[in-house]
Amino acid sequence: MFEKGDFIVYGNTGVCEVKDITTLRMKDVPKDRLYYLLSPVHHKESKIFTPVDSDKTVMRAVLTKEEAEELIDSIPEIDELWVSNDKLREEKYKETMKSCECRDWIKIIKTLYLRKQERIAQGKKTTAMDDRYLRLAEENLYSELALALGIPKDGMEEYITKRMTAMGVK
């Protein structure tokens, strides 16, 4: 169980702060069932109530600083997600995003970055679907890494690039 003040990853919503753990006073809601009151980090005006004991949506602790650094250092070893069938590609992206695992988000980012380079080399534009999933994966990954490392989210891509360069990765 998470504590008030913890930062967690909540499904595709991304990083949220646990603002409270409470019961709900609503008709047809058990009076003794506990709920998290979550506040998405990048949508402070939003509030999410979810049962503490729910297993419908992935909830996990945000990476620690050490875990974030280890993850970034392991990027070169993380494989892409090659799906040759265009009709199955979006389903694979959706399934991968739902895992809420940073390594899976990196797989999507690497795949879509390489796919983008390939399409540009062929004189083609990127697809709207590819752009959408790239933005979603980057948003989720960079938000979590930014919190773990204490770096602004908009500086994450540069931070990762510098770290890769320092490791001799192009």
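**Sheet and helices of a predicted model**

Biologist: How many bridges join β2 to β3?

Modeller: Strands β2 and β3 run antiparallel. Strands are DSSP runs of E of at least two residues and helices runs of H or I of at least four, both numbered from the N terminus, and two strands pair if DSSP finds at least two bridges between them. For β2 and β3, the number of bridges is six.

Biologist: What kind of model is this?

Modeller: Residues are numbered from 1 along each chain as its sequence is written, and side-chain values use heavy atoms, with hydrogens and water left out. Local features need pLDDT of at least 70, side-chain atom pairs count only at pLDDT 80 or more, and totals for chains, interfaces and linings use all residues; the model is predicted.

Biologist: Which strands stand at the edges of the sheet?

Modeller: Five strands form an open, antiparallel sheet in the order β4-β3-β2-β1-β5. A strand at the edge has a single partner, so one of its sides is left without a neighbour in the sheet. The edge strands are β4 (48-51) and β5 (59-61).

Biologist: Which residue of β5 is the bridge partner of tyrosine 10?

Modeller: Strand β1 (residues 7-10) pairs with β5 in the antiparallel sense over three bridges. Within β5, the partner of tyrosine 10 is methionine 59.

Biologist: Which residue takes a positive phi in the hairpin of β1 and β2?

Modeller: β1 and β2 pair in the antiparallel sense over four bridges, and phenylalanine 7 stands opposite glutamate 17 in β2. Three residues lie between the strands of this hairpin. The residue with a positive phi, near 45°, is glycine 11.

Biologist: How are the rings of phenylalanine 2 and tyrosine 36 arranged?

Modeller: The structure holds two aromatic pairs, where rings of Phe, Tyr and Trp (its six-membered ring) pair if their centres lie within 6.5 Å; planes under 30 degrees apart count as stacked, over 60 as edge-to-face and the rest as tilted. The pair ties together parts 34 residues apart in sequence, because phenylalanine 2 lies in the segment before β1 and tyrosine 36 in β3 (residues 35-40). With centres 5.8 Å apart and planes at 50°, the arrangement is therefore tilted.

Biologist: How are α1 and α4 oriented to each other?

Modeller: Helix α1 (residues 65-73) and helix α4 (residues 128-149) pack with their axes 8 Å apart, at an angle of about 130°. Axes are lines fitted to C-alpha atoms, for helices over the stretch in contact, and angles run from 0 to 180 degrees between N-to-C directions. Angles under 35 degrees count as roughly parallel, over 145 as roughly antiparallel, 65 to 115 as roughly perpendicular and the rest as oblique. The orientation of α1 and α4 is therefore oblique.

Biologist: How many nonpolar residues has the contact of α3 with α4?

Modeller: Contact means heavy atoms within 4.5 Å, and residues of α3 (residues 102-121) that meet α4 include Trp105, Ile109 and Arg115. Ala, Val, Leu, Ile, Met, Phe, Trp, Tyr, Cys and Pro count as nonpolar, Asp, Glu, Lys and Arg as charged, and the others, Gly among them, as polar. Beside one polar and four charged residues, the number of nonpolar residues is 10.

Biologist: At what angle does α4 run to β2?

Modeller: Helix α4 lies across β1, β2 (14-22) and β5. Its angle to β2 is about 65°.
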